[in-house]
Amino acid sequence: MEATLKPKFAAPNKNIPVMNNLATILWCDDEIELLKPHLLFLSEKGYNIIEASNGVDAIEKCNSNPVDIVFLDEQMPGLSGLETLSRIKTVHPAIPVVMITKNEEENLMEQAIGSQISDYLIKPVKNNQIILTLKKNLESRQLISSKTTSDYQKEFQQIMMQMGNGLNQQEWGDLYRKLIYWELELDKSKTMEMRDVLNMQKTEANNEFCKFVTKNYINWLNKPDEGTPTLSHTLMREKVLPFVDTDVPTFFILIDNLRFDQWKMIQPLLSNDFRVSSEDHFYSILPTSTQYSRNAIFAGMTPLEIEKRFPNFWLNDEEEGGKNLHEHDFLADLIVRSKKDIKFSYTKITNSNDGNKLVDNIHNLMNTPFNVIVYNFVDLLSHARTEMQVLKELANDETSYRSITLSWFEHSPLYQALMRMAGKKVNLIISTDHGSIRVKEPIKVIGDRETTTNLRYKHGRNLNYNPREVFEVRKPNDARLPMPHVSSTFIFAKADDFFVYPNNYNYHVNHFRNTFQHGGLSMEEMICPVIRLTSKV
């Protein structure tokens with residue numbers, strides 16, 4: 001067993017204070033004088049109170065004062081509570097309004113709820129009801145933030161201990177998903193202090209994951225055993241083809257460059273119509289790039305085996321031509337070699353026109369037992385973000401990158417196609433070919449003109465680098481990779497490093513730092529989602 005890992009940073013402070021900001025309450029009631037005990041109680045609790053005795057007065061004071069919440073009597077002479085509510089919401093749609101009423105008629109509450117009240121109380125109200133309403137409407141984010149912070153603090157040390165106890169491939173996948181869970185929870189709670197701590201913990205986890213992969217990767221490819229993860233070239237045989245049912249159409253949807261956290265963002269959009277029956281993972285082969293990993297997925301072979309079986313189809317990095325033009329041929333060959341008698345379709349979406357055609361054709365595909373859809377967008381987004389300043393601003397970190405992915409998916413032809421499947425008996429498998437990572441630390445590399453340009457991996461004959469900073473493969477065949485030249489060496493960037501040539505060093509560092517790249521070795525690039533869903537029919 002490996003030595004216990006010692007944290008390189010301090011555990012989070014367990015006594016981070018929860019800030020209390022005084023709230024201003026506008027309370028409107030035509031019998032406001034009778035509510036003095038409630039108003040005094042709230043003042044003693046630290047709330048600021050603005051009184052109003054009619055709807056017109058309430059609207060005027062709401063417009064001229066910073067108000068956090070409105071308590072509004074439903075039955076008032078003159079302007080009614082519902083009319084006052086409507087006028088307040090027209091100008092201040094975000095202010096929560098609590099309706100106070102003697103009337104429990106269903107029609108009244110439907111009108112009020114339709115007018116966007118946040119809550120309602122039945123007279124006579126009690127002080128504890130008022131406090132609970134205030135907490136729910138004003139302090140819910142703060143309370144959620146506090147609980148999320150507390151829960152993550154409890155798990156922090158447990159995660160650190162797990163990393164130090166020699167995890168296997170399945171445990172690394174589980175740990176990565178746990179870190180993503182906390183990342184998304186802290187995003188929702190807007191807890192900046194804990195997000196900084198989590199980012200440091202993810203960095204530590206990635207460093208340990210890189211050691212794990214470096215130690216085991218060559219054996220996974222050459223001496224597979226029960227500890228070997230599902231890899232790109234075994235994905236179809238192990239996690240896709242066994243679940244194809246000739247009686248129910250199966251759709252295998254590969255979204256290029258989809259990370260696990262991005263899957264978790266789009267999952268809620270599908271939850272009303274589809275049930276997740278399995279959330280699993282596989283490990284992308286190296287390099288974690290489309291040319292290598294996606295060809296391996298559809299061929300069911302390593303790149304070296306593809307080159308030998310299909311010498312006319314395989315192109316090395318420096319050769320001219322498309323590198324992923326024969327996925328249909330590879331898949332057809334794999335199905336024959338797997339001794340499966342399956343009729344299948346293959347559709348690749350690279351632009352909106354292709355996507356719209358998919359939507360129109362989805363009903364026809366329902367008659368085919370196995371349908372493969374490759375959707376290229378997330379990879380295009382990551383590359384475009386590198387070159388376009390406006391996208392760098394829109395997706396300047398992981399949180400915003402996830403948000404853009406969610407927005408794309410929600411308005412994409414792919415989502416429209418999935419919604420056309422809703423209510424019909426289908427099986428879905430959603431996966432990817434590799435992920436990406438936001439790179440931060442430059443690593444100097446020197447190479448000749450034939451060295452690959454990718455920022456996360458290089459291969460060439462005369463590479464000059466620090467072996468301690470990279471994962472090096474001096475014999476490409478050991479990593480089941482073709483050898484473009486007899487003396488070729490592959491090197492892979494680890495964690496959030498990226499390769500930069502000494503020429504124009506500062507320019508390239510500034511240009512590529514904080515961009516999303518793939519091809520190297522990290523949890524984000526290698527641990528990929530494999531999600532099986534069934535329709536709710």
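Alanine 495 is buried, with a relative accessible area of 7%, where buried means under 20% relative accessible area, exposed over 50%, and partly exposed in between (1.4 Å probe, protein chains only). The model is predicted, so local features need pLDDT of at least 70 and side-chain atom pairs count only at pLDDT 80 or more, while totals for chains, interfaces and linings use all residues. Residues are numbered from 1 along each chain as its sequence is written, and side-chain values use heavy atoms, with hydrogens and water left out.

Alanine 495 sits in the loop between strand S15 (489-493) and strand S16 (497-500). Helices (H or I, at least four residues) and strands (E, at least two) are DSSP runs, numbered from the N terminus. The phi of alanine 495 is near 50 degrees, a positive value in a residue other than glycine. Most residues other than glycine have a negative phi, and most peptide bonds are trans.

Lysine 339 also has a positive phi, near 60 degrees. Lysine 339 belongs to the loop between helix H13 (327-337) and strand S8 (344-349) and is exposed, at 76% relative accessible area.

Two peptide bonds are cis. One joins lysine 123 and proline 124, with omega about -5 degrees; proline 124 is in the loop between strand S5 (119-122) and helix H5 (127-138). Another joins leucine 286 and proline 287, with omega about -5 degrees, and proline 287 is in the loop between strand S7 (274-283) and helix H11 (290-299).

Threonine 368, in the loop between helix H14 (352-365) and strand S9 (370-375), counts as buried at 10% relative accessibility. Leaving aside neighbours within four places in sequence, threonine 368 is in contact (heavy atoms within 4.5 Å) with Pro249, Lys343, Phe344 and Ser345.
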